[in-house]
Amino acid sequence: MLIYDAIAHILQKEGVENLCCYPTTPLIESAAGLGIRPVICRQERVGVGIADGFARVSNGGPPAVFAMQYGPGAENAYPGIATAFSDSTPMLLLPLGHDRAQDGVFPLYSAPKGYASMTKSVEQISVPERTVPAMRRALSRLKTGRPGPVMVELPQDVGAAEIDDGEIEAYKPVRAARAQADPAGIEAATRALLSAERPLLLAGAGVLYAEATAELAELAELLDLPVMTTMEGKSAISERHHPLSVGSGHGVMNGTTRHFLGQADLVLAVGTSLTRHGMVTPIPAGKTIIHATNDDIDLNKGYACDHPILGDAKLVLRQFIDCAKDLARGRERRETAGEIAAVHEAWLAEWMPKLTSDEAPINPYRVIWELMQNIPPAEAIVTHDAGNPRYEIMPFYETDGPRTYLGWGKSHQLGTGLGLTIGAKLAAPDKFCVNVMGDAAFGMTGLDFETSVRMNLPICTVVLKNSTMAVEVKHMARSHQRYRTRDVGGDYADIARALGGWAERVEDPNEVGPAFLRARRATEEGKAALLEFITSEEQAISHLRPFG
């Protein structure tokens, strides 16, 4: 069979049912011939985002795949792949390549060279005999260790060559491998954890990818530990119902998170890279750090680590639980849940005037509050966009179950949330999938709202329309005063209707909650929905920022 068809057969054997893609690549036809549904985006960056969102939500399911043409296709996909790489999202990338005779000839773009620093692995199928080994190697890297994008480039002349059918028939799906940590290291770290006066458990996205949320809660409950999550780990524990959750942290944090992180004398970080980054809450100095990760590159990268632990988050948490049960017998329990409730109640009371504000234009915090009050978080998958929407939603929106929120942003291009949400709907069609974006983000990717309409993946897009780039108020004061440089415009509800969706423009703050209910009904009827809320230039985030 042709190499194109062979790769499609391998995808089928791996359980792939959807191929996120943008023409032109013959893989689309080969996949469709096997019943693999092509999900065609409007631009490659959003298509990669769809695969990204699918991978985050369908964790443990079939691999997320994105295929694109050589040259412009691979070039346009770069921002989406940068986000997947920086957030450690597992996906298989299958760019078409130029004929081998032209490979590397200026100015033709070479995906293997261009993406070498933005993927876990990248390989070219340079000869037909390399097809099966290259795919097997890529899928092994995809499923094992730290998640991340892997790439296999297929030159178009190789794709048109043939391979023996028997090689494909003999292909077996790749199985993932997991590793435990050194037991001696676990025991030493557990003794440090038990001797700490105010320990804090910090959970990252690795807990979600390892399917370790039950173990996370079990350890927290066993030792009465407050649990904080990273931006990407948000939803690893229910913020809505679990009494030991203190919330999430990133570029800003809620008052409860700040209180417990500030007072902690030890931080047990599991499934997080502890990267020092503007979108990552820094750990204040003077704390003992236990760092458990499945990638040795993370250890001692951003912080001096007192207890380095290398292993899979699920297995490592189970080791901590088993060890703590032996070492903590007869230990007096703290009253952590009561302290969390008191601190959170006091902090939330300070913010209720904004969360329930009747001002017009609508306060954006009112939009976040009404979303949470009218749509049960357990029935939704929500994500922010870059800029002010992320600052406004992260501290206040309370998740309720694994992967009910998609946190992202170490590489934070505006407009990323739209593709993530379409991918989430692809993976979880019964969920109410919502992306919250601003004017500028809509300008980047808004036309891919039509992808949601056309592909029958009815999401809800929320546009917080303040007609300005509010996050840039301090950075563009003079230029805006002279030249109105922050102004942006558009009637987004009208655009959404023109693209075939259901839409409303909302100006009355008392209509915010009812609008969410109407949008949910529209999506349940199979219509992509857009809510355009006319909001103010709210800037009340400064005292939520992290330490330092």
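**Strands, sheets and their helices**

Leu19 stands opposite Pro38 in S2. This belongs to a pairing in which 4 bridges join strand S1 (residues 18-21) to strand S2 (residues 37-40), and the two run parallel; strands count as paired if DSSP finds at least two bridges between them. Helices (H or I, at least four residues) and strands (E, at least two) are DSSP runs, numbered from the N terminus. The model is predicted, so local features need pLDDT of at least 70 and side-chain atom pairs count only at pLDDT 80 or more, while totals for chains, interfaces and linings use all residues. Residues are numbered from 1 along each chain as its sequence is written, and side-chain values use heavy atoms, with hydrogens and water left out.

In a regular strand the side chains alternate between the two faces of the sheet. In S1, Asn18 and Cys20 point one way and Leu19 and Cys21 the other way, and all are buried (buried means under 20% relative accessible area, exposed over 50%, partly exposed in between, with a 1.4 Å probe and protein chains only).

The next element is an open sheet of 6 strands with parallel pairing, in the order S9-S8-S7-S10-S11-S12. Its edge strands, S9 (245-248) and S12 (307-310), each pair on one side only. On average, neighbouring strands of this sheet are turned by 15° against each other, direction ignored. Within it, strand S7 (residues 199-203) and strand S8 (residues 227-229) run parallel and are joined by 3 bridges; Leu202 has Met228 of S8 as its bridge partner.

Helices accompany this sheet. Helix H12 (residues 213-223) packs on it, touching S7, S8 and S10, and its direction makes about 175° with that of S7. Axes are lines fitted to C-alpha atoms, for helices over the stretch in contact, and angles run from 0 to 180 degrees between N-to-C directions. Helix H10 (residues 183-195) lies across S7, S10 (266-270), S11 (288-293) and S12, running at about 135° to S12. The buried residues of H10 include Ile186, Ala189 and Leu193, and the buried residues of this helix pack against S7, H12, S10, S11, S12 and H14. In helix H14, the buried residues include Val316, Phe320 and Ala324; what covers the buried residues of H14 includes H10, H11 (205-209), H12, S10, S11 and S12.

A further open sheet of 6 strands, with parallel pairing, has the order S14-S13-S15-S16-S18-S17. S14 (405-406) and S17 (502-506) stand at its edges, each with a single partner strand, so one side of each is left without a neighbour in the sheet. Strand S15 (residues 432-438) and strand S16 (residues 460-465) pair in the parallel sense over 5 bridges, and the bridge partner of Gly438 in S16 is Leu464. H16 packs on the sheet, touching S13 (380-383), S15, S16 and S18 (529-534), and its direction makes about 160° with that of S16. Helix H23 (residues 512-524) lies across S15, S16, S17 and S18, at about 165° to S18.

Finally, helix H15 (residues 336-355) and helix H16 (residues 364-374) pack at an angle of about 105°, with their axes 8 Å apart. That makes H15 roughly perpendicular to H16 (angles under 35 degrees count as roughly parallel, over 145 as roughly antiparallel, 65 to 115 as roughly perpendicular and the rest as oblique). Leu348, Trp351, Met352, Lys354 and Leu355 of H15 make the contact with Tyr365, Arg366 and Trp369 of H16, where contact means heavy atoms within 4.5 Å.
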